Amino acid sequence: MTPAPIALTIGEPAGIGPELAGMAWAALRGEVPFFLIGDPDHLPEGTDWVEIAAPDEVSALGSALPVLPHRFDGPRTPGVAQPAQAKGVVAVIERAVALAASGKAGGICTLPIHKQALQDGAGFGFPGHTEFLAHLCDRTDVVMMLAGPQLRVVPVTIHIPLSDVPRSLTRDLLETRIRITHDALVTQFGIPKPRLAVAGLNPHAGEGGKMGTEEQTLIAPVLAALRKEGLSLEGPMSADTMFHAAARQRYDAAICMYHDQALIPIKTLDFDRGVNVTLGLPIIRTSPDHGTAFDIAGTGTANPSSTIEALRMAWQMACARV
């Protein structure tokens, strides 16, 4: 059984999202069935698009970008966000989630939003896309994974100061992140027995307590308990030796203790093709790993690589669930 097509949300219409949509369609035509939800008036001039009334029309189309129209207030203004369009941006995300939840879309891929514009124009009360999606799906625990062709990483703590990491890192948090990652690798990535590598917090994974004790008092006990349930876990590992080519062959995803420990290796390995994946939702959600790029919006110079990979990954995940 073939999954339903992927819903691509247009994101902030004044950013690079509209042009990325057309570029992605040109690259993935015939490989990944997807459709854009947004206002076609905000697509760059010359974009070959066709209006659809429902996602199931995508398979019958030719070479034009399929668009499920959702009109925004105001004209196209690349590089300058219009607060009047914010409610439309939010509604597009809600519409995509509803389509995915009903099975009419195989998953969603979200182009970047601009949080300040959403706050100013729609009273958006969420830190970002991920938290809003969790709210729409009635989930409290979700996980951010960054994935690329060579590596998948999950940070246990995310956007907090480094000085706050030790006290924010708890047994419950670590266990939840590991469980959600493990389950998603099984159900959404089609890996029957995932292998997870878990980094230590301190240099050399604490070196037996000489450089910190979190590995002994917190990380190792959590791993030991989960191993008894049958999870394949290696660690706590020294983070400086777990990302070279040979080491990466021994695991399917790396669990890291803080933001930069996770993101530096994947962005170093493949900066342009990293994909943001939200785990723990009842739907598939991917996103390119970049922002709205107002400084180049409308110039046609945006790099579509991450969007292409995000759509490709959403489709692969949808196929793994069938």
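**Two helices and the open spaces**

Guide: Start with helix 1 (residues 17–28) and helix 10 (residues 305–321), whose axes come within 9 Å and cross at roughly 60°. Helices (H or I, at least four residues) and strands (E, at least two) are DSSP runs, numbered from the N terminus. Axes are lines fitted to C-alpha atoms, for helices over the stretch in contact, and angles run from 0 to 180 degrees between N-to-C directions. That angle makes helix 1 oblique to helix 10. Under 35 degrees is roughly parallel, over 145 roughly antiparallel, 65 to 115 roughly perpendicular, and the rest oblique. The crossing of the two is right-handed: the near helix is turned clockwise from the far one by less than a right angle.

Who touches whom? Helix 1 brings Leu20, Ala24, Ala27 and Leu28, and helix 10 brings Thr307, Ile308, Leu311 and Arg312. Contact means heavy atoms within 4.5 Å. By class, this contact has 6 nonpolar, 1 polar and 1 charged residues. Ala, Val, Leu, Ile, Met, Phe, Trp, Tyr, Cys and Pro count as nonpolar, Asp, Glu, Lys and Arg as charged, and the others, Gly among them, as polar.

A word on the source: this is a predicted model, where local features need pLDDT of at least 70, side-chain atom pairs count only at pLDDT 80 or more, and totals for chains, interfaces and linings use all residues. Residues are numbered from 1 along each chain as its sequence is written, and side-chain values use heavy atoms, with hydrogens and water left out.

Now the spaces. On a 1 Å grid over the protein atoms alone, a cavity is a set of points where a 1.4 Å probe fits but cannot get out; a pocket is an open set with protein on both sides within 12 Å along at least five of seven lines; lining residues have an atom within 4 Å of a point. Grid points are joined across faces, edges and corners, and a volume is the space filled by probe spheres set on the points.

The whole structure has 1 cavity of 30 Å³ or more. The largest cavity holds about 50 Å³. Its lining includes Pro18 and Glu19.

The largest pocket holds about 790 Å³. It is lined by 31 residues, and Gly128, His129, Thr130, His159 and Asn276 lie nearest its centre. Helix 4 gives the largest share of that lining, 4 residues.

The second largest pocket holds about 240 Å³. Among its 14 lining residues, Ala318 is one of the closest to its centre.
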